[in-house]
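I opened this notebook page to record what I looked up in one model. The entries follow in the order in which I made them.

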Amino acid sequence: MFADLHGRTAVITGGARGLGYSIATALAAQGVQVALLDLLPTVHESSERLASEYGVRTSAHTVDVTDATAVEAAFSAAEAALGAPSLLVTAAGITIWGDSVDVPADTWRKVLAVNLDGTFFAAQSFARRAIAAGRPASAVFISSMSAFIVNQPQFQASYNASKAAVSHLASSLAVEWAPSGVRVNAIAPGYFLSDMTREFTEANPDLAAEWTADIPAGRMGQPEDLHGLVLLLASDASSYLTGQSLVIDGGYTAL
């Protein structure tokens, strides 16, 4: 248990399902109030389920993270419902595969917009409130091991580039906001069985087997494997840790 987390407020983008929702359950289990932001309308059902199962206050906000004005409005609504947030997790993200010589410009821009712009706009709205509140705060960006390696055999240059940018954004904002007490770190998961990944691996078992064969731990990650790291980064127990991207991949990138 991280006692300092109890009663704090977190905002999680991409919180309707998948890794974002899983991380929300880990925070809620620590007594954290949680605002879920997502483009999916099911974010409201997820918020209600979280409140029911963990007995914490929650709120839900349907928002397109690529729209800075809409993100700011969602943060204002979350603050009105739960108070100023001192924790942020940016889990909203997409990937689109395709041979780079054929990828349309709008597809390239969409991946960068969701993964990079969405992360920055959420961080910006979060920091405004954290700095104004004048108390320590922690942001955790969901990057990827793809920020540091080139996955294969899939072609996903836009995803790789966006996640590399997210990791460097974490370092940049950490340096800029450190004097205000706002820490910013990123976690860089390897192959994890999120809802979307599980759907893909079930449809493409041969590729899933190829990925798993290259993981020293012998398995793909489960969403729960992220909980301990996220809680540590959220807690004051890591108060001297900022500006880092921590890879969690079962040893995949160590090969």
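I took contact to mean heavy atoms within 4.5 Å. The model is predicted, so I noted that local features need pLDDT of at least 70, that side-chain atom pairs count only at pLDDT 80 or more, and that totals for chains, interfaces and linings use all residues. Residues are numbered from 1 along each chain as its sequence is written, and side-chain values use heavy atoms, with hydrogens and water left out.

Entry 1, cores. I looked up Leu 88 and found that, not counting residues up to four places away in sequence, Leu 88 touches Val 11, Phe 75, Ala 122, Ala 123, Phe 126, Ser 138, Ala 139, Val 140 and Phe 141. I then turned to the nonpolar cores, sets of buried Ala, Val, Leu, Ile, Met, Phe, Trp, Tyr and Cys residues joined through side-chain atoms within 4.5 Å. Buried means under 20% relative accessible area, exposed over 50%, and partly exposed in between (1.4 Å probe, protein chains only). The largest nonpolar core has 31 residues, of which Phe 75, Leu 88, Phe 141 and Val 184 touch the most other members. Helix 4 (105-133) is among the elements that supply at least two residues each, and helix 4 gives the most, with 7 residues. Helices (H or I, at least four residues) and strands (E, at least two) are DSSP runs, numbered from the N terminus. I also noted a second, separate core of 30 residues, which includes Ala 10, Ala 16, Val 34 and Leu 226.

I located Ile 248 in strand 7 (residues 245-248). Its C-alpha atom is separated by 7.8 Å from that of Leu 226, 22 residues apart along the chain.

Rings of Phe, Tyr and Trp (its six-membered ring) pair if their centres lie within 6.5 Å; planes under 30 degrees apart count as stacked, over 60 as edge-to-face and the rest as tilted. By this rule I recorded 6 aromatic pairs. Trp 97 and Trp 211 form an edge-to-face pair, 6.4 Å centre to centre with 70° between the planes. Trp 97 lies in the loop between strand 4 (87-90) and helix 4, and Trp 211 in helix 7, so the pair ties together parts that are 114 residues apart in sequence. Trp 97 counts as partly exposed at 36% relative accessibility, whereas Trp 211 counts as buried at 5%. Tyr 191 and Tyr 252 also form an edge-to-face pair, at 5.4 Å and 90°.
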